[in-house]
Amino acid sequence: MDYDALLAHVIALLQQEKRLAYRVLKRRLQLDDVVLEDLKDDLIYAKKLAVDEEGKVLVWTGDADMPPLTTAPTPQLAAPFVPQEARPPQAEAASAAASPPDAERRQLTVMFCDLVGSTALSVRLDPEDMREIMSAYHHRCAGVIGSSGGFVAKYMGDGVLIYFGYP
């Protein structure tokens, strides 16, 4: 299961149960510590759908009206652009009365952040120490990105893929 599918599964579980102990979550989904930390950062700081309770429990804080996610959302395609002068007058009145579009055009900024020298650092450090450094790095990135209005799209080793202007 890829990370996005795993995240959607955890969100669905969290919505359904409202509270999940980290140990139980690790056991149910056979997660390692690094993936669990990534999920926590994503849910708590990036998406703001949950909070940490005493370092032991993940608690749902998302919108109660939000429909449960069973799979990762699929992107919707925008309707083709038709210039104003090419539209018949009846279409203008119909489009004004219609519901808002499922998709919209917007400016999106994509950024990739990489920890310089991490390979050399990983050779010198104990794996547990390197894991702690990477966890702190991901946590710090998620905090700064979230406070700047960004969205952590994906953690890739020592890199972070970030979107601004999304969702």
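I start with a definition: a disulfide here is a pair of cysteine sulfur atoms within 2.5 Å. This is a predicted model, so to speak of local features we need pLDDT of at least 70, and side-chain atom pairs count only at pLDDT 80 or more, while totals for chains, interfaces and linings use all residues. Residues are numbered from 1 along each chain as its sequence is written, and side-chain values use heavy atoms, with hydrogens and water left out.

How many disulfides does that rule give? The count comes to zero. Cys113 is in no disulfide, and the nearest cysteine sulfur belongs to Cys141, 4.4 Å away. Seen from Cys141, the closest cysteine sulfur is that of Cys113, and 4.4 Å is too far for a bond. On exposure, buried means under 20% relative accessible area, exposed means over 50%, and partly exposed is in between, with a 1.4 Å probe and protein chains only. Cys141 counts as buried at 10% relative accessibility, whereas Cys113 is partly exposed with a relative accessible area of 25%. Across the protein, buried residues make up 30% of the 167 residues.

Next, the secondary structure. Helices (H or I, at least four residues) and strands (E, at least two) are DSSP runs, numbered from the N terminus. The protein has six helices and six strands, and along the sequence they follow the pattern α-β-α-α-β-β-α-β-α-α-β-β.

Now the sheet. Two strands pair if DSSP finds at least two bridges between them. Six bridges join β5 to β6 (residues 159-164). As for a particular bridge, Tyr155 has Val160 in β6 as its partner.

On to helix α3, residues 33-46. α3 has 14 residues and reaches 18 Å from its first C-alpha to its last, close to the 20 Å expected; the expected span is 1.5 Å times one less than the number of residues. Which residues of α3 are buried? They are Leu36, Asp38, Leu39, Lys40, Asp41, Asp42, Leu43, Ile44 and Ala46. What covers them includes α1, α2, β2 (50-53), β3, α6 (127-147) and β5. Lys40 is on that list, buried at 14% relative accessibility. Contact means heavy atoms within 4.5 Å. Not counting residues up to four places away in sequence, Lys40 touches Tyr22, Tyr45 and Asp52.

Last, the cores. In soluble globular proteins, nonpolar side chains tend to be buried together. A nonpolar core here is a set of buried Ala, Val, Leu, Ile, Met, Phe, Trp, Tyr and Cys residues joined through side-chain atoms within 4.5 Å. The largest has 20 residues, of which Leu25 and Leu43 touch the most other members. Two or more residues each come from α1 (3-17), α2 (22-29), α3 and β3 (57-60), and the largest share, seven residues, is from α1. Setting aside neighbours within four places in sequence, Leu25 is in contact with Val10, Leu13, Leu20, Gln30, Leu31 and Leu36. A second, separate core of eleven residues includes Met130, Met134, Ile145 and Ile162.
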